[in-house]
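Please look over the sequence and the model below, and then follow the paragraphs through its open space and its aromatic rings.

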Amino acid sequence: LSVVLLLAVLAGCQAANDTKEPTPEATLEPTSTPEATPAPDTDNKPEPVDIRIGGLKGPTSMGLVKLMEAAEAGEAANNYTFTISGSADEVTPKLIKGELDMAAVPANLASVLYNNTNGEVRLLAVNTLGVLYIVEKGDAVQSFEDLKGKTIYATGKGSTPEYTLRHLLSENGIDPDKDVTIEWKTEPTEVVALFSELSEGIAMLPQPYVTVAQTQIEGLHIAIDLTKEWEALDNGSKLITGVLVARRDFVESYPDQAAAFLDEYKASIDYVNANVSEAAQLIEKYDIVKAAVAEKALPYCNISYMEGAEMKASMQVYLNILFEQNPKSVGGKLPEDNFYFER
């Protein structure tokens, strides 16, 4: 026992001697205790930068609202400025001129922008799947086959809605140029106004305008969900409506900040889908659409998030379908691999 005690004393003296002269740097650190919380690791957090983001009034911007709230409170990873516009024609010139760093746009327009700017646009994420529906005032349509010989009022000529409708008609054995009459209108509000005067009729409308129309037109109902019809084709692609793009020079200069944004964007979309009532209030707050309409429409808007390899695989098939219909729909040629942003 005496030997053991002697060894313990000697060991204690040696430990004290080893730590008797701390280095100057060590004296700046606080003494650790079991209760102390380790300092947060900020080494992997990129320096915040200003990011200007353009969106459209509708589903493609609804997923942004939780992030918009965080940015307003100063709690976001970057310094975000959001601009919500009525049409893509207002957003795309600003992106091309460098007045915006990112923008939510129709899926085919992303490819057009890439081709028209010689590759100066990158696809960051898919944010909206199918939002198109065949609605009817009457009771003549239960399937695509019932559209043959009918007049369809629609909006979105030259964009995703037109190419989606034409493809689905063709795949269901209906010639879109001979077997149906498509009456194109400039805005969904025109279709709503027209249907208010008709005793019966058929239209293709996107959400949330379907919900708006149903509140104004008695008897208007959804006859066909185009997203389900697209999935039934089993062509390896999803029906993609909206995407988020960015300027090439921005993502190449700030790849870490772009990645931080994508993390926050996904979290915002997840919040919107999981908290419909609360999200609807934010959607009205940021002047996208009224809360009552948003709450009813959100379950039908297919707001989603897809990036990286999954996004690339689905977009390539989707754009190829559009290209086969009309090469101009994607800007004359399919985008190259560098169109698709990966972290």
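A pocket here is an open set of points, on a 1 Å grid over the protein atoms alone, where a 1.4 Å probe fits and where protein lies on both sides within 12 Å along at least five of seven lines; lining residues have an atom within 4 Å of a point. Its volume is the space filled by probe spheres set on the points, which are joined across faces, edges and corners. The model is a predicted one, in which local features need pLDDT of at least 70 and side-chain atom pairs count only at pLDDT 80 or more, while totals for chains, interfaces and linings use all residues. Residues are numbered from 1 along each chain as its sequence is written, and side-chain values use heavy atoms, with hydrogens and water left out.

The largest pocket holds about 960 Å³ of space, and among its 37 lining residues Leu-56, Ala-88, Pro-106, Gly-156 and Ser-159 lie nearest the centre.

Tyr-133, at 2% relative accessibility, is buried (under 20% relative accessible area, with exposed over 50% and partly exposed in between, for a 1.4 Å probe and protein chains only), whereas Tyr-300 is partly exposed at 40%. Ring pairs also link Tyr-80, Phe-82, Phe-261, Tyr-265 and Tyr-305 into a cluster.

Methods:
Phe/Tyr/Trp six-rings, centres within 6.5 Å; stacked < 30°, edge-to-face > 60°.
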